Amino acid sequence: MRISPTPQPGEERLNRESREFLAYLRSVPPVPRKDDPNDWLWQIRDHLRRSPAKRLERWASFADGALRINSHRLGLPHVSFDPLQVLRTLTAQGVAFVMVGMGAGYLQGAPYPSYNTDITPRTDPANIARIEQALVGLHARPLDRDEWGPVAEPTLPGFRRLLTVAGMVNVVNALPGVGGYDQVMENADLLDVSDDLSVWVAALEDVVRNKEAMSNMTERPRHSHTMDSLHVLMGKETLAAKKKQAN
Amino acid sequence: MQRLDLIAKTLIDHKVEFVLLGNYGAQIQGAQVLTEDADMAYHRGQENLVRLMAALEEMGARIRFGDETVWLPYSDPLLLSSGDIWNLRTTHGDLDLLYAPAGGGYDHLIQDAVEVEIGDGVVVLAASLDDIIHSKQLANREKDHIALPELRRLRDEQQHQREDPGCPSSYNPA
């Protein structure tokens, strides 16, 4: 918000309601710049006040809108983004998994989500069988292209990029910088993502650790580096805001 | 509901003269950047302010004031000429109206703005990537510095495609 601190010539032409409104705005002390070094702080504070279920709702609509534009720009059919459907399907099949990536970061309070649902499953044979069953239910198939063009062979072992009826899903058996399911679960939180569903979600610290490791991987494309770096910065600022809030 | 494209569509429905800029303006051109609000520069002619205020009323716009929102009086569109920046929250998401953004306002941005179709036949004007890059250089924040390589990459890719239309869209000079 930026209005002149004093009434300006011409304002007398405004109607009474508007003049009173400007007087009200001028009466409110401005937020000191030192509290808002890069304009993210308000968004972070705002987002931290939402419940995980509200965050998930917001994530779905926000990402779906952005993906809709991307699909249109690329002439690709739009696939609705519905992380709740993914989580419900996995849970219904009894899959042991933990949410990771920036979706997990978003559910933990970071203000910008990614446009896919990332999960790390337990990798014992019985669980792998259950996850395969769940993926069949989601009509999963390997993602053959994204907005950057054809998707190359995965560069990480145990990493699958899939397109499902509920949007893109990444299955990541081991997170660079963190580890596999057991390591991620050490710090994970069980969050209520809807009235009737709770899922394990990686701690924001681990999301940041993972993104830091990813941003240092030379084989990642340049656009991925940009996102990794932004996510690290945003995640760290969110952690700092949470710490400040706790104190 | 967080749908920035619906903000743009509502403005188009009301025939508002505006240019999208910032990260959303870049995102609809294909940039991989983070954004949760739409920034737009608007023409400050009286008729446009009337159309803009009608669109804001339809979207239930309120002033974002720190963590809270306060009402925006819709009764006098000229009010919108009394501030340089209006941070708003609408039913479709957050919208920042900028009269004089760093690097130049509507009259400057419109000169090199590009048409972008955002779906359902709706075409919006977005500031050129050169102008967005320039504004981020002026803003000089850490998050802007991180985003600049991606914006330059996209600008170079678009330039390459203009010069060689047969080149794949995934062209990556890296």
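Tutor: Start with Asp118(A): its bridge partner in S8(A) is Asn170(A). Bear in mind that this is a predicted model. That pair belongs to a parallel pairing in which S3 (residues 116-121) of chain A and S8 (residues 167-172) of chain A are joined over four bridges. S8(A) has another partner too: S7 (residues 159-164) of chain A pairs with S8(A) in the antiparallel sense, over six bridges. Within that pairing, Phe159(A) stands opposite Val172(A). The link from S7(A) to S8(A) is a hairpin, made through two residues.

Now step out to where the chains meet. Here 43 residues of chain A are in contact with 42 residues of chain B. On the chain A side, at least two residues each come from strand S1 (2-3) and from helices H1 (16-27), H2 (40-48), H3 (52-74) and H9 (222-246). H3(A) gives the most, with nine residues. Sorted by class, this side of chain A has 20 nonpolar, 12 polar and 11 charged residues. Strand pairing turns up between the chains as well: S1(A) and S5 (residues 83-90) of chain B run antiparallel, joined by two bridges. Within S5(B), Ile85(B) is the bridge partner of Arg2(A).

That brings us over to chain B. It has six helices and eight strands, and along the sequence they follow the pattern α-β-α-β-α-β-β-β-β-α-β-β-α-α. Its C-alpha atoms fill a box of roughly 50 × 35 × 30 Å along the principal axes. For 174 residues, a compact globule would have a radius of gyration near 16 Å, and chain B agrees because its own value is 16 Å. Buried residues account for 45% of chain B. Of the contacts in chain B between residues at least 6 apart in sequence, 60% join residues at least 24 apart.

At 1.5 Å a residue, its 22 residues should span 32 Å, and the end C-alpha atoms are 32 Å apart, so the two agree. Still, H6(B) has a kink of about 35° at Leu148(B), shortly before the proline Pro149(B). The buried residues of H6(B) include Ile146(B) and Ala147(B), and also Glu150(B) and Leu151(B). Lys143(B), Arg153(B) and Leu154(B) are buried too. In general, an α-helix has 3.6 residues a turn, so residues three or four places apart point the same way.

Note on methods
Residues are numbered from 1 along each chain as its sequence is written. Chains are lettered from A and ligands numbered from 1 in the order in which they are written. This is a predicted model: local features need pLDDT of at least 70, side-chain atom pairs count only at pLDDT 80 or more; totals for chains, interfaces and linings use all residues. Two residues are in contact if their C-beta atoms, placed from the backbone, lie within 7 Å. Ala, Val, Leu, Ile, Met, Phe, Trp, Tyr, Cys and Pro count as nonpolar, Asp, Glu, Lys and Arg as charged, and the others, Gly among them, as polar. Two strands pair if DSSP finds at least two bridges between them. The radius of gyration is taken over C-alpha atoms; the globule rule is 2.2 Å times the number of residues to the power 0.38. A residue is buried if 20 or more other C-beta atoms lie within 10 Å of its own, exposed if 12 or fewer, and partly exposed in between; C-beta atoms are placed from the backbone. The expected span of a helix is 1.5 Å times one less than its number of residues. The bend at a residue is the angle between axes fitted to the seven residues ending there and the seven starting there.
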